[in-house]
Amino acid sequence: MTTSWQEGKVLALSGGIGGAKLVLGLAHVLPAGALTVAANVADDFEHLGLAICPDLDTLVYTLAGLADPERGWGRRDETWTFMSVLATLGGATWFRLGDGDLALHAERTRRLAAGESLSDVIDDIRQRLGVATRVLPVSDDPVRTRVRTHDGWLAFQEYFVRRRCEPTITRIAFDGAASACAHPALVELLHDPTLRAVVICPSNPLISIDPLLAVEPFRRALALCRAPVIGVSPIIGGRAVKGPTAKMMGELGIAIDAMTAARHYGDLLDGYVIDEADAATCATDVDMPVRAEATLMRTVDDKMRLARAVLEFADELSSMHERAFEARR
Ligand code: FO1
């Protein structure tokens, strides 16, 4: 197998906002259509009778250039007439739905009720928005994150948005994961000899990546795939870049440092990328190659540079594997 990612296919594993930044960088540096994203669906929920898919939508909006740059979720240049009228009607306003975003939820809900699969609906919508990257739910079966707190179990968005991550969590569960079928296109891609790299993006390992790995057929295909799997640390300088990653890890007794995700993903990884700020202080106490890069992604150039660095890292590991493989012949 040639080792250059320029010709091959690449698979990214991602949740919402943090992972979507690297996904955008990958989409920019790869040929159109070379990138597929295995997306988290365990944040999905039904709200106001609508099928809401936060991570899928954040990925599609980000790739389409429609994401709101400040919030990271929902559409840019949004209006909020629906929410303001809903408030006068006594409706639930804790989960904010912009007018443009609402059209996506309404149309998706209609098509799902008509019997279409979630992946077919998302695939049609991303093409209508001019996105060449395939964004696939890890499964078309329902997988839902719940968190255990001192007030009992909470559905994910209740915890994450309504309660703003305030309750202390003691456990995380992914309802439905044990019986969910991995999306066949993802399993096929993981067996595809033209797959050159798999990138676990810097999303929250516990709530964005674990729900993907909890779908056993997906995790098994990932563990067996020949392409190098590169993880990127979501923790920079001992602090989570965005969202409650550090707070959740602290509450679950998980040591918070740049190597946390490398330990968490374990032998699924062939290589791991940490931020330059951590290179000096971090004991790279894992038995895999670790590379230090600038992992804070503010601009598109930051995202593209990190994407190139990750893919070149994968290339080097591939040729190392090939040499080792040849040597064993
Ligand atoms: N996150 C919030 O913190 N507050 C919101 O009101 C909110 C609304 C929202 C609407 C659509 C959507 O796709 C995402 C939305 N999010 C909101 C973000 C979402 O809850 C999180 O980004 C993910 O679930 C975590 O990855």
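Q: Before we start, what counts as buried or exposed here?
A: Buried means under 20% relative accessible area, exposed means over 50%, and partly exposed is in between, with a 1.4 Å probe and protein chains only. This is a predicted model, where local features need pLDDT of at least 70, side-chain atom pairs count only at pLDDT 80 or more, and totals for chains, interfaces and linings use all residues. Residues are numbered from 1 along each chain as its sequence is written, and side-chain values use heavy atoms, with hydrogens and water left out.

Q: Great. Which residues of helix 9 are buried?
A: In helix 9 (residues 216-224), they are F218, A221 and L222. Helices (H or I, at least four residues) and strands (E, at least two) are DSSP runs, numbered from the N terminus.

Q: And where do they fall, seen down the helix axis?
A: They sit within an arc of 100 degrees, so they line one face of helix 9. The arc is that of the directions from the helix axis to the C-beta atoms. On the other side, A223 and L224 are exposed.

Q: What does that buried set pack against?
A: The partners are strand 1 (9-14), strand 2 (35-39), helix 7 (184-190), strand 9 (195-200), helix 8 (205-213) and strand 10 (229-232). Contact means heavy atoms within 4.5 Å.

Q: Switching to T260: is it buried or exposed?
A: T260 has 4% relative accessibility, so it counts as buried. You'll find T260 in helix 11 (residues 260-265).

Q: Which residues does T260 touch?
A: Leaving out residues up to four places away in sequence, T260 touches M249, I254, A255 and Y272.

Q: How many bridges join strand 6 and strand 7?
A: Four bridges, in the antiparallel sense, with strand 6 covering residues 144-149. R146 stands opposite A155 in strand 7.

Q: Last one, the whole chain: how many helices and strands?
A: The chain has 13 helices and 14 strands. Buried residues make up 52% of its 329 residues. The C-alpha atoms fill a box of roughly 70 × 40 × 40 Å, taken along the principal axes.

Conventions. Two strands pair if DSSP finds at least two bridges between them.
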